[in-house]
Amino acid sequence: MDTSTTVPTVTNSSSLHISQFILMGLPGIHEWQHWLSLALALLYLLALAANLLIFITIQHEPTLHEPMYHFLGVLSLVDIGLATTIMPKIMAIFWFDAKAISLPECFAQMYVIHCFFCMESGIFLCMAVDRYIAICHPLRYPSIVTNAFMVKVTGFMVLRNSLLTIPVPVLAAQRLYCSKNEIDHCLCSNLGVISLACDDITVNKFYQLFLAWIIVGSDMALVFSSYALILHTVLRLNSAEAMSKALSTCSSHFVLILFFYSGIIVVSVTHLVKEKIPIIPVLLNVLHNIIPPALNPMVYALRMHELRLGLQRLLGENMSSQNLFPKIISHIITLRNENSPKVHHLISG
């Protein structure tokens with residue numbers, strides 16, 4: 001009777017000592033992991049600048065107000081959000097040794113990472129469906145893919161990923177953390193956090209599997225099915241020019257989608273060798289969250305002719321506006337020099 005009442009008290013009191021987690025960084029290379037910070041910081045700045053430029057260009061150019069570029073603009077915002085969620089803390093760990101993170105901050109980061117990650121998968125699915133309708137059903141495309149359709153699809157993806165990822169941090173917060181609080185990671189990954197729990201984590205692992213295979217897995221299956229149907233339709237075209245244009249439009253999408261989903265598979269597989277080489281899944285997880293945001297806008301800017309022209313016009317206008325002010329100042333000085341003798345003559349007269 002005494003034992004049954006004492007054990008919960010000890011457990012609860014000991015769990016109160018865990019008020020924060022310690023993010024240890026990259027396992028096995030803690031002493032020189034700060035040398036990687038420069039490359040990661042450059043990737044982060046590239047992701048911010050490139051995605052912001054893509055988004056501003058799409059909003060600024062009327063010729064880019066089309067469904068395909070609408071989804072690309074949303075993808076740019078998602079990439080900015082995903083990179084900003086993880087990189088400031090990683091830089092703080094590497095540069096200032098700020099490894100501590102409170103439990104609420106850790107669970108909040110966990111939620112935002114999952115939300116943006118699933119959102120990126122959903123946007124890739126929207127882009128694949130958009131290209132499928134445009135190539136396989138071109139006559140029906142204007143009547144199907146309308147502004148209302150884009151708003152509904154984007155809203156559905158936001159709601160789906162915002163709501164279905166809520167249980168991840170909620171379930172993690174319900175676990176008891178009563179002993180170790182050091183996480184061998186640079187960010188609050190769900191599996192890394194719940195591995196420190198003192199009680200059963202079966203439900204947490206099950207829901208993580210549900211998100212991975214039911215949400216992201218179904219997106220991946222639909223994406224590749226869409227591109228398989230697109231390829232089947234393109235190969236049946238009689239015009240070589242139309243075939244080349246269709247393949248050129250889809251190639252940039254497919255390259256990034258292939259990189260995104262193959263990265264997920266690689267990160268999942270490397271967790272099997274975590275006990276032997278623990279740095280591999282952690283490093284790949286970090287890179288998979290920062291390389292796609294930096295890579296996406298570069299591939300789209302290089303592969304999409306209309307977007308490239310829009311970028312050139314936007315940058316050209318900015319350069320013109322920057323040169324306009326010196327020209328105005330120079331013109332004012334010239335007028336002043338021309339009028340100064342006349343003014344002097346009037347005063348002396």
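**Entry 1: helix 4 against helix 10**

I started with a crossing: helix 4 passes helix 10 in a left-handed sense. I'm working from a predicted model, so I keep that in mind throughout.

Next I listed who touches whom. Helix 4 brings Phe117, Glu120, Ser121, Phe124, Met127, Arg131 and Ile135 to the contact. From helix 10 I noted Ala246, Thr249, Cys250, His253, Leu256, Ile257, Phe260, Tyr261 and Ile264. Sorted by class, the contact of helix 4 with helix 10 has 11 nonpolar, 3 polar and 2 charged residues.

**Entry 2: helix 9 against helix 10**

I stayed on helix 10 and turned to helix 9, residues 202-235. Their axes are 11 Å apart and the packing angle is about 155 degrees. That makes helix 9 roughly antiparallel to helix 10. The crossing of helix 9 with helix 10 is left-handed.

Which residues make this contact? On helix 9 I found Val216, Asp219, Met220, Val223, Phe224, Tyr227, Ile230, Leu231, Val234 and Leu235. On helix 10 the list includes Met243, Leu247, Phe254, Leu258 and Ile265. By class I get 19 nonpolar, 1 polar and 1 charged for the contact of helix 9 with helix 10.

I also spotted some helix 10 names from Entry 1 here: Ala246, Cys250, His253, Ile257, Tyr261 and Ile264 touch helix 4, and they touch helix 9 as well.

**Entry 3: helix 2 against helix 11**

Then I checked helix 2 (residues 37-60) and helix 11 (residues 279-303). Their axes come within 9 Å and cross at roughly 40 degrees. Helix 2 and helix 11 are therefore oblique to each other. Helix 2 passes helix 11 in a left-handed crossing, too.

Helix 2 contributes Leu40, Leu43, Tyr44, Leu46, Ala47, Ala50, Asn51 and Ile54. The class count for helix 2 with helix 11 is 16 nonpolar, 1 polar and no charged residues.

I looked at both pairings of strand 1 (residues 20-23). With strand 2 (residues 100-102) strand 1 runs antiparallel, joined by 3 bridges. With strand 3 (residues 182-183) the sense is parallel, over 2 bridges.

**Entry 4: an aromatic pair**

Last, I looked for aromatic pairs and found 11 in the structure. One of them is Phe21 with Tyr177, edge-to-face, at 5.3 Å centre to centre and 85 degrees between the planes. Phe21 lies in strand 1 and Tyr177 in the loop between helix 7 (167-173) and strand 3, so the pair ties together parts that are 156 residues apart in sequence.

How values were computed
Residues are numbered from 1 along each chain as its sequence is written. This is a predicted model: local features need pLDDT of at least 70, side-chain atom pairs count only at pLDDT 80 or more; totals for chains, interfaces and linings use all residues. Side-chain values use heavy atoms; hydrogens and water are left out. Axes are lines fitted to C-alpha atoms, for helices over the stretch in contact, and angles run from 0 to 180 degrees between N-to-C directions. Helices (H or I, at least four residues) and strands (E, at least two) are DSSP runs, numbered from the N terminus. Angles under 35 degrees count as roughly parallel, over 145 as roughly antiparallel, 65 to 115 as roughly perpendicular and the rest as oblique. A crossing is left-handed if the near helix is turned anticlockwise from the far one by less than a right angle, and right-handed if clockwise. Contact means heavy atoms within 4.5 Å. Ala, Val, Leu, Ile, Met, Phe, Trp, Tyr, Cys and Pro count as nonpolar, Asp, Glu, Lys and Arg as charged, and the others, Gly among them, as polar. Two strands pair if DSSP finds at least two bridges between them. Rings of Phe, Tyr and Trp (its six-membered ring) pair if their centres lie within 6.5 Å; planes under 30 degrees apart count as stacked, over 60 as edge-to-face and the rest as tilted.
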